[in-house]
Amino acid sequence: MIRHLKSGAPADTRAAADRKVRETVETTLADIEARGDNAVRELSEKFDNWSPASFRLTQEQIDQAMLEVSDRDIEDIRFAQAQIRRFAEAQLASMQPVEVETRPGVVLGHKHLPINSVGCYVPGGVYPMVASAHMSVLTAKVAGVKRVVAAAPPFKGKPHPAIVTAMHLAGADEILVLGGVQAVGSMAIGTETIAPVDMLVGPGNAFVAEAKRQLFGRVGIDLFAGPTETLVIADDSVDGLLCATDLLGQAEHGPTSPAALLTNSEALARDTLAAIDELLGKLPTAEIARQSWETYGEIIVCDSHEEMLQVADDMAYEHVQVMTEDPERYLEQLTNYGALFLGPRTNVAFGDKVIGTNHTLPTKKAARYTGGLWVGKFLKTCTYQRVLTDEASAEIGSYCSRLCALEGFYGHGEQANERVRRYGKRDVPYASSVDA
């Protein structure tokens, strides 16, 4: 039996707020398209009190920002980027071109082509998300993207030195100190001073996420993202303090970030509740984490691992952390998740910051149909075909001719018929089909 010791807010709680966000973003993007740089500058002044001569940093400004970062911090950034680069390169190596002769003289294939230009948004409002620069910029460069534009808002009135450093070390070709809808809008639409990109990636607040949604189609995007979600699946092989720590560690992302415990131990569930109360008394980010936990936190108790697997797949959360006696069972049987963290020795923060997998992941049940950002998202798998012999062209043409006639596509059919006439030396009446 599945039962809730604590329930989160119903799904329709955000509906009114979502409508307002949609309307605001639609108006803002229309303004950027109509007025370009002037609209972007006004928005930056309004929301970030930031209006430099140019939003694009010069090499001198990048060098100056890097001087403000300690050697230890630079070393840590390089370490994280080395892990992310190594995994992205391994993923890239797994994506081989294909070429196969499917019939005598008929060769089909595909190749992986990097997107030409990508805009990477790095959040930097409440928290300077240094790690997001690694996840997007670095992964795009490993994929072979020629032009990577990275944008982050100013932090306390200036470019955040560590974010700029991370963007630069990751290989960004252009760095913009620009935030919010004005950043993603200018990169996608283009202005007098910012050339448009072909794809937008990276996390952001509700307005950034909605802007990406509205721009999708005009440009590509990585995925539709919402507030961070964390599901901890645990049994009595771990304790309540560990579960509470991992839940609150992600609840601090923002006041609308769901965090849930799924367990087959009611004792663990109650110990976790008590530990959460204790930790909220001393966590520096408790104000945000408490609001998130009280509104969106859940504790779900099941009778078996089978029930927990069922519930977890239905929830389809972004982060799923498994701390059970047999975590491999969940690796084998779970199908809906953004990223999986197996065993008590790992956690979501490792994935967020340093271990090497990407932290831009699907939310709001999108894990049912997509994975997260990875090197393959920056590649287009494009097919090609060759017909090497007259005999092959005539053979394929005959089948194509009849299938086009079946559908009433006589113009299509003539493309096939003309090959049969030329290469098969057969007389096919115009707008007919072979052997009609």
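Helices and strands here are DSSP runs, numbered from the N terminus. By that naming, His319 sits in strand E12. The model shown is predicted.

**View 1. Three domains make up the division of the chain.** Domain 1 covers 16-95 + 114-222, domain 2 covers 227-372, and domain 3 covers 389-435. The centres of domain 2 and domain 3 lie 59 Å apart, taken over C-alpha atoms.

**View 2. An open sheet is built from six strands.** Their order is E1-E11-E10-E9-E12-E13, with mixed pairing. Strand E1 (3-6) and strand E13 (339-342) are the edges, each pairing on one side only. On average, neighbouring strands are turned by 20° against each other, direction ignored.

**View 3. Strands E9 and E10 pair in the parallel sense.** E9 spans residues 230-234 and E10 spans residues 259-263. Five bridges link the two. Leu231 stands opposite Ala260 in E10.

**View 4. Helix H11 lies across E1, E10 and E11.** The helix takes in residues 286-296. H11 runs at about 45° to strand E11 (298-301).

**View 5. Glu318 sits in a loop.** UniProt, in an unreviewed entry, places the feature "active site" at Glu318 and His319. The loop joins helix H12 (305-315) to strand E12 (319-323). Glu318 has a relative accessible area of 5%, so the residue counts as buried. Beyond its neighbours within four places in sequence, Glu318 contacts residues including Pro227, Tyr337 and His359.

**View 6. His319 is buried in the model.** Its relative accessible area is 2%. The side chain of His319 reaches the backbone oxygen of Glu229 at 2.8 Å. Not counting residues up to four places away in sequence, His319 also touches Gln250, Phe341 and Asp352, among others.

Notes
Residues numbered from 1 in each chain as written. Predicted model: local features only at pLDDT ≥ 70, side-chain atom pairs only at ≥ 80, totals over all residues. Heavy atoms only, no water. Pairing = 2+ DSSP bridges. Helix = DSSP H or I, 4+ residues; strand = E, 2+ residues; numbered from the N terminus. Axes fitted to C-alpha atoms, helices over the stretch in contact; angles between N-to-C directions. Contact = heavy atoms within 4.5 Å. Domains from an automatic or database assignment. UniProt positions renumbered as here; feature names shortened; annotations may be inferred. Buried < 20%, exposed > 50% of the residue type's maximum accessible area, 1.4 Å probe, protein only. Polar contact = N/O pair within 3.5 Å; in protein donor to acceptor, adjacent residues only side chain to side chain.
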